[in-house]
Amino acid sequence: MKSWTVCVIEPNKFEGQIILDLLRNAGVDRVKVCTEQDAANDLLEIYNANVVIASFEMGPLDGAAWTRAYRRNKRLPGRKQAIFITSGAFSLSMAEECRHAGANALIGKPISAKVLLATITKVLGKPREFIDAQGYVGPCRRAGIVTAGAPKKRRKADDSVVTAADMKTLKTVVDALVAAAAAYAADSNKLEGCELALRQVQAYAVNAGDGPLMRACAAFALQLSSAKGLRPEAVRSALEVCVNGVVKLVSLGPEQAARREEIAEGVRQAVGKAAMQRAA
C-alpha cells in the first residue's frame with residue numbers, strides 16, 4: 001500500500017472524505033481528492049496516479065464515459081493505470097458498461113475498508129494486458145471486470161437494510177451498533193452483523209454531512225477489517241473506544257464542534273495504536 005499513488009474523484013465531498021480516511025488509516029500516504037472532473041483531469045496530467053477511484057455518479061460525464069475518455073487521452077501519464085468505479089446503484093448492467101469503458105473494477109457503496117483495500121490489492125496484484133485498439137482501450141476484457149461490495153447473494157439483503165434504516169431513528173441505529181459490537185466482542189464470528197450495523201450509522205453520517213462521525217466510522221470500519229492477527233486485549237480495547245466514540249459523537253450537538261473533533265481523533269488514534277501493537 002505504501003507504493004499506491006491515489007487520485008479520488010468524488011463529487012460528494014463527504015463520501016470523498018470517507019475514502020480518504022479509509023486509505024490514510026490503512027497507511028496510504030499519497031492521496032489526492034477532487035470533487036470536479038475538470039480539476040481531476042488537470043491534476044492527472046502531472047500526478048501519475050497508479051490507482052484512480054472515480055464515482056459513477058459524477059458529471060458532466062458519468063464514471064463509464066469519463067473512463068473511456070481518460071483511457072484515450074495520451075497526454076495523461078497514468079492512462080494505463082488501474083481505474084476503480086464506485087456506485088451506490090451497483091448492478092450487473094453497470095458492471096458491463098464499466099468493463100467496456102476500460103475500468104478495472106466496480107465497487108458498490110457504502111464502501112468498507114476491507115472491500116476497498118482488498119479490491120485494489122487484487123487488481124494491482126494481477127495486472128492484465130493493456131489493449132490499445134481503435135474500438136477499445138483498457139485492460140483485457142476477456143476475464144471480465146472485478147466487482148466488489150455488492151455480491152449477488154447479499155444485494156437484496158443490503159437493499160432491505162437500507163430501507164429499514166431509513167425508517168429508524170439515529171438512536172435506534174446506534175443502539176443496534178452497540179449491541180452488535182458487544183456480540184462481536186464475545187464471538188468473533190459475529191463480525192458481519194457488526195459491520196452491517198456500522199454501515200447504517202455511516203449512512204446517517206454521510207446524509208447529515210457529519211465529518212467527525214464519518215471519520216470515526218471510517219476508523220471503526222478499519223478496526224473491524226484489520227482485527228485478525230491482533231491480540232484479543234488490543235481488539236477489545238480499540239473496539240470499546242470506537243463504540244464509545246460513536247455514541248458520544250451522536251449525543252453531542254454541532255455547537256460542540258471542537259469536542260466532537262477531539263473524539264473522532266481519539267477513535268482514529270486508538271485504531272492506529274492497535275495496529276502498532278500488531279506490528280510490534
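Let's start at Ala257, which sits in helix H11, residues 257–279. Helices here are DSSP runs of H or I with at least four residues, strands are runs of E with at least two, and both are numbered from the N terminus. Ala257 is partly exposed because its relative accessibility is 40%. On that scale, buried means under 20% relative accessible area, exposed means over 50%, and partly exposed is in between, using a 1.4 Å probe and protein chains only. Ala257 is 45 residues from Pro212 in sequence, yet their C-alpha atoms are 8.6 Å apart in space.

A quick word on what you're looking at. This is a predicted model, where local features need pLDDT of at least 70 and side-chain atom pairs count only at pLDDT 80 or more, while totals for chains, interfaces and linings use all residues. Residues are numbered from 1 along each chain as its sequence is written, and side-chain values use heavy atoms, with hydrogens and water left out.

Now the whole chain. It has eleven helices and eight strands, and 46% of its 280 residues count as buried. Take contacts, meaning heavy atoms within 4.5 Å, between residues at least 6 apart in sequence: 67% of them join residues at least 24 apart.

Next, the inside. In soluble globular proteins, nonpolar side chains tend to be buried together. A nonpolar core here is a set of buried Ala, Val, Leu, Ile, Met, Phe, Trp, Tyr and Cys residues joined through side-chain atoms within 4.5 Å. The largest one has 54 residues, and Val6, Leu23, Ile53, Phe84, Leu116 and Phe220 have the most contacts inside it. Helix H9, residues 211–225, gives the most to this core, with ten residues. Apart from it lies another core of 26 residues, including Ile83, Ala95, Cys98 and Ala103.

Do click on Phe84. Leaving out residues up to four places away in sequence, Phe84 touches Val51, Val52, Ile53, Ala54, Ala105, Ile107, Thr119, Ile120 and Val123.

Back to H9, and its partners. How do H9 and H10 pack? H10 covers residues 232–251, and the two helices pack at an angle of about 160 degrees with their axes 10 Å apart. The axes are lines fitted to C-alpha atoms, for helices over the stretch in contact, and angles run from 0 to 180 degrees between N-to-C directions. H9 and H10 are therefore roughly antiparallel; that label needs over 145 degrees, while under 35 is roughly parallel, 65 to 115 roughly perpendicular and the rest oblique. On the H9 side, the contact includes Pro212, Leu213 and Phe220, and on the H10 side, Val235, Leu239 and Cys242 are among the residues. The contact of H9 with H10 divides into 13 nonpolar residues, one polar and no charged. For those classes, Ala, Val, Leu, Ile, Met, Phe, Trp, Tyr, Cys and Pro are nonpolar, Asp, Glu, Lys and Arg are charged, and the others, Gly among them, are polar.

H9 also meets H5, residues 113–125: their axes come within 8 Å and cross at roughly 65 degrees, so H5 and H9 are roughly perpendicular. Here Ala113, Lys114 and Leu117 of H5 meet Ala221, Leu222 and Ser225 of H9. That contact has four nonpolar, one polar and one charged residues.

One last stop: Pro60, in the loop between strand E3 (51–55) and helix H3 (63–72). Most peptide bonds are trans. The bond from Gly59 to Pro60 is cis, with omega near 5 degrees.
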